[in-house]
There are 4 protein chains.
Amino acid sequence: MIDVAILGATGAVGQRFVQLLEHHPWFRVAEVAASERSVGRAYAEACHWLLPTPMPSSVAQLTVQPLDADFHSPVILSALPSEVAQSLEPALAQRGHLVSSNASAHRMADDVPILLPELNADHVQLVEVQRRKRGFSGTLVTMSNCTTVPVAVALAPLLTFGVQQVQVVSLQAISGSGYPGVPSFDIFDNILPYINGEEEKVEREPRKILGKLSGDQIMPLEATFSASCNRVPVLDGHTVVVSVKFANPPSLETIRQAWQSFQPHAWARHLPSLPDSILLYNDGLDRPQPRLDRDNGRGMATTIGRLRACNVLDVKFVALSHNTVRGAAGGAILNAELLVAQGYGQHLGLPSVQHLHA
Amino acid sequence: MIDVAILGATGAVGQRFVQLLEHHPWFRVAEVAASERSVGRAYAEACHWLLPTPMPSSVAQLTVQPLDADFHSPVILSALPSEVAQSLEPALAQRGHLVSSNASAHRMADDVPILLPELNADHVQLVEVQRRKRGFSGTLVTMSNCTTVPVAVALAPLLTFGVQQVQVVSLQAISGSGYPGVPSFDIFDNILPYINGEEEKVEREPRKILGKLSGDQIMPLEATFSASCNRVPVLDGHTVVVSVKFANPPSLETIRQAWQSFQPHAWARHLPSLPDSILLYNDGLDRPQPRLDRDNGRGMATTIGRLRACNVLDVKFVALSHNTVRGAAGGAILNAELLVAQGYGQHLGLPSVQHLHA
Amino acid sequence: MIDVAILGATGAVGQRFVQLLEHHPWFRVAEVAASERSVGRAYAEACHWLLPTPMPSSVAQLTVQPLDADFHSPVILSALPSEVAQSLEPALAQRGHLVSSNASAHRMADDVPILLPELNADHVQLVEVQRRKRGFSGTLVTMSNCTTVPVAVALAPLLTFGVQQVQVVSLQAISGSGYPGVPSFDIFDNILPYINGEEEKVEREPRKILGKLSGDQIMPLEATFSASCNRVPVLDGHTVVVSVKFANPPSLETIRQAWQSFQPHAWARHLPSLPDSILLYNDGLDRPQPRLDRDNGRGMATTIGRLRACNVLDVKFVALSHNTVRGAAGGAILNAELLVAQGYGQHLGLPSVQHLHA
Amino acid sequence: MIDVAILGATGAVGQRFVQLLEHHPWFRVAEVAASERSVGRAYAEACHWLLPTPMPSSVAQLTVQPLDADFHSPVILSALPSEVAQSLEPALAQRGHLVSSNASAHRMADDVPILLPELNADHVQLVEVQRRKRGFSGTLVTMSNCTTVPVAVALAPLLTFGVQQVQVVSLQAISGSGYPGVPSFDIFDNILPYINGEEEKVEREPRKILGKLSGDQIMPLEATFSASCNRVPVLDGHTVVVSVKFANPPSLETIRQAWQSFQPHAWARHLPSLPDSILLYNDGLDRPQPRLDRDNGRGMATTIGRLRACNVLDVKFVALSHNTVRGAAGGAILNAELLVAQGYGQHLGLPSVQHLHA
């Protein structure tokens, strides 16, 4: 088992890390770290546990360490706020750790990939650029914004048709605002048609994720994105309503086939957190729905539905992913799995995928 | 006072009619009619009253009549299901009544206007075509779909810039599904990304409403609409996220000014149900919000916010109207007021607007 | 595997039966039956599936049979409405089936037990009385009302202290109203302080469940119950706030120990649907909570918390059970397991518990 | 008009003060004060306005003052946190102000009344004791806890029957937790069966409110209260489920009559914030309901329903009040009205009730 340290372990995403790693075949939560007021306390006491499954007892006992502790774990999962991640994550990569971050701080750096391994596992090779340029012995990779996930997953199989313009309207769950997050008085019987910084991320990140690695850099997808982000009274699961214009508009049937036959990137196929199907098309009239579809593929699958013609662009559809599983903690775990499987932890004595599956 | 009959009086929209007419300066609820199982009972007993204000006692006493009764009221407000409205409403217009309907059955008929008087009060002149062609002594006018309202109100002041393409994603309240409407088990912690027949209406009706009356017909607005309609867990108030492409794209500031200086149609200005402002621009970062803005202008105003550039079309914004007030019962009352004010009830001895304000 | 027929299979509880039996070690869904409009259709088409886990494909294929079909399955699980259950369930027992019902129709019949096997598995012996008196070759046993469950489970370990008076105020989930059940417009931002027939059941059923089998009858617990039942906007999980007066009031610590050391009835211990712990005491200040605790023990455990002195009676506490799992489908499955394990299906060639565990 | 200063003006209750005073016949908001971070800013900017009616423009302009400012307003309405109120409120009373507080800090002081004027307006005479003992030239009176209101209002008309024991289970709205208050993630699809400090208040305050002023002190009602307090996903309106034991149990009909014939205390009758009916009995099967009944009497009436026999105590019923109107801001305004009307502001040149109504 490979030891893992979780940074920001008491927060909403931190707890998801703890929950998802409970029975992980490769990783074991060995260290938890959080902000000042939690340091020195047992995790069970420092953490206001928010999840319906019990806190894993092995983690409950751990003493919360400060964020600047000298972690021994080779793998670091970061659920840090962006302003803290800004300096801390590169320092940890410098010290040799494999840092898989959920923070937005470094996503757009030229030599830092935003990994959704089923789509762009090859972008992990930026690690080599990063090591070369920054002198990291470890590495730093990032997970995308949660709302970006269903957009990127739905579009990846359609790139061959020349995606040109994409309109996204999101209906985002309250868990996406962290904890305590949005006050109940604000969202109850209400919609908040604004989420600070979100639209910029949704307009920017899919272009990088769906771009092509070329030499030392990623050439972003040449497509224009427009996003309108809304918070709705739903617990978990981000829904996106998407319209797309193509250079070579395919038929609806062709698109459905592209989705149904889509294969995850070869390097991602045997990663333990990858679900059997990363993308499900549900042809129910009124699907996907967050309460019914967010847990598909143990929260790691994107569900799509309602594909139809769009009068303004070419086609429109609805897609949905679990925002704190596929869109946050589960995604960052998957990225850490990819780092290990591709052998980027060999300097730490970690096996690569051949050995993991031997 | 002018007597009014309410058809479908025990349903969700019917109750709103009763509520909104309680202190109306011109109209008095004289007759209520509903389906078979309510007929012959006192309204207070037949009706499962859903509103937080008390049922007006004068209406509580009325005996529910059958839908095919011989109504004496000159004005008829219809909250009938479309299939019932189909034959019943024209028959009532034939018999001389001023029928103001909230049903969708006749909205797209060539000689039936969809009236939002603040925008298109002149379309009421189709009544003359209708009388000529169908031989009605009364008339039949319709109120639009509830989701169409914020779209049409927001676009009307912008027509001068050449509206060409409009993308609409709606987040619609549960009260829009009537009563009993959507089961709690379906919408709780959930979104339903489909509302039967709604998208077609939102793509079609604004073109007619915003069209020009020319001779005997309305020339629809030459613009393309694409709609994606969603039910969300909000009690009242439909939110629409709108992107627009113009022939002559104005600046954001010009659009804001167009909204803020927009004047309702002259014929609508003195109608009692018209609010002081039919359109409010709220420059709060996160507005409009259904719980905070749906009751603006006693539920008759549309609130707009978040105007900004759109990467795909030209601009995007969020608009909101109360779906059962401006978007249904209040709208149909306003239409009935227009009919009376324009003198279309003179054959019944009703005054026109000069006399109403004398 | 033992074939099972589910009656009322398309409803909310019927679907839970299908879901919970998917990987059952003894039972296999062989037949599904529902009301007229579903008959003859594939289950997948007849059923508006409401659950977040996929419909089991083996059941999806089954053709829905009429409720009066000639079922071949030895075990019948009934989620019938009470008025249908009234005549149909005894007829099936007469024909030899082991009928485990969730309906209320026969719960209070003298020779029909209300089984919560962890508490009163010995009441299953009423089957013999039933067979003797009614000439059944099969049998009919019932599951209690869903709100009764947390009350009965919490009180069972305390009977030794002489339970005399019990005040129950329930906060019940919307799934308890079935499907379509309570309209969203009624329960949204609201509480319904009345549930038809519920208070009578909660005041009556615990006395029978916690009573003693004596000869041919059950001597009900000599205690007085008062219930006030409320519907609240929660999806699943019934919470009860309980105050109790004892003949010999124990200390709070003694009560906690009684709960923590409580052992399920010996006959229930090896039934596959019994959870590891049927009763959990959570000493968190603000527990139990429906969203966090309803799935404890795969939805089969009752969670108790907030034990403290009551100024009016002796002690008060809060208890919670999953209403459609432990409180309905899961409970009826457990009862069917008990029937089989105790050998009441031997006339049908079913094994008893010795053979099941051999 | 009498100038009023609002302390804690930017919070949830402070905003209600501002809203409710907009058209008040006696009072005018002249000063607003709040904690450090708001001081010096315009109220419109310092305050995240939470209410659906627009912020009154006269208040929007006011500059927020520090809590220890030298207020000129004779009347002070306090929505301070208890720990701040502890020292600040007596100091203001010392300086001559009429302080009407919603804080809990001084409620149980011997010489400070908890006023619900419709029930115990005579308790205002404690002001004289307070002035004598503490040397205040002004005075300090308090409003009760919000959950106490429906309990006290429902019991007041029944004191003649000898109220002995009272069981209260509350279902409290989220607005009662202030702002930001309870995180949405905690209360969504959930119940919180614990509210810090609430049960003690509900067990203690009704005894004082319903007690008798005798000489220099209030003799509390000789009755035992037991409370269980729960937070539920409802926006506004606290529901209480109450069981009562009497020395001389009246019939249900007698109780209903006592409620329906109850007259507010003579000194309260002409206060502007007193509604026409302070107590409404709704004989609907399923009433009161928070969404339908919280605004009765402009949020100042208590609605009662479901009176029936209790198997354990004598009778049980459900009562409901608006927690931030009658249960907080509206109540404290009513108390300030009583102070003025009874002439306790004459040292400040304020009129008494004779002059107010002259």
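1. B:Ala33 stands opposite B:Gln65, a residue of strand E3 of chain B. The strand that pairs with E3(B) here is strand E2 (residues 27–34) of chain B; the two run in the parallel sense and share three bridges. Strands are DSSP runs of E with at least two residues, helices are runs of H or I with at least four residues, and both are numbered from the N terminus. Two strands are said to pair if DSSP finds at least two bridges between them.

2. The model is predicted: local features need pLDDT of at least 70, side-chain atom pairs count only at pLDDT 80 or more, and totals for chains, interfaces and linings use all residues. Residues are numbered from 1 along each chain as its sequence is written, while chains are lettered from A and ligands numbered from 1 in the order in which they are written.

3. E2(B) and E3(B) belong to an open sheet of chain B with six strands, in the order E3-E2-E1-E4-E5-E6 and with parallel pairing. Its edge strands, which each pair on one side only, are E3 (64–66) and E6 (139–142) of chain B. On average, neighbouring strands of this sheet are turned by 30° against each other, direction ignored. The axes behind this angle are lines fitted to C-alpha atoms, for helices over the stretch in contact, and angles run from 0 to 180 degrees between N-to-C directions.

4. Elsewhere in chain B, strand E12 (residues 279–281) pairs in the parallel sense with strand E13 (residues 302–309) over three bridges. B:Tyr281 has B:Ile304 as its bridge partner in E13(B). E13(B) also runs antiparallel to strand E14 (residues 315–321) of chain B, to which five bridges join it. B:Thr303 stands opposite B:Leu320 of E14(B). E13(B) and E14(B) form a hairpin, with five residues between them.

5. Chain A is divided into domain 1 (2–145 + 328–356) and domain 2 (148–322); the bounds come from an automatic or database domain assignment. The C-alpha centres of the two domains of chain A lie 24 Å apart. Their contact takes 33 residues from domain 1 of chain A and 30 residues from domain 2 of chain A. Residues are in contact if their C-beta atoms, placed from the backbone, lie within 7 Å.

6. Which elements give two or more residues to the side of domain 1 of chain A that touches domain 2 of chain A? They are helices H5 (117–120), H6 (126–134) and H12 (325–341) of chain A. H12(A) gives the most to this side, with seven residues.

7. Chain A can be laid on chain B by a turn of 180° and a shift of 0.0 Å along the axis, with an RMSD of 0.0 Å. The two copies are thus related as by a two-fold rotation axis. The superposition is by least squares on the C-alpha atoms of residues with pLDDT of at least 70 in both copies. A:Pro233 is the residue of chain A that comes closest to the rotation axis, at 3.2 Å (C-alpha).

8. Between these chains, 34 residues of chain A are in contact with 34 residues of chain B. Of the elements of chain A, E10(A) gives the most to the side that touches chain B, with five residues. Because 100% of the interface residues of chain A are also interface residues in chain B, the copies meet through the same surface.

9. Chain B also touches chain C, in a contact that takes 14 residues from chain C and 14 residues from chain B.

Key:
Contact = placed C-beta atoms within 7 Å.
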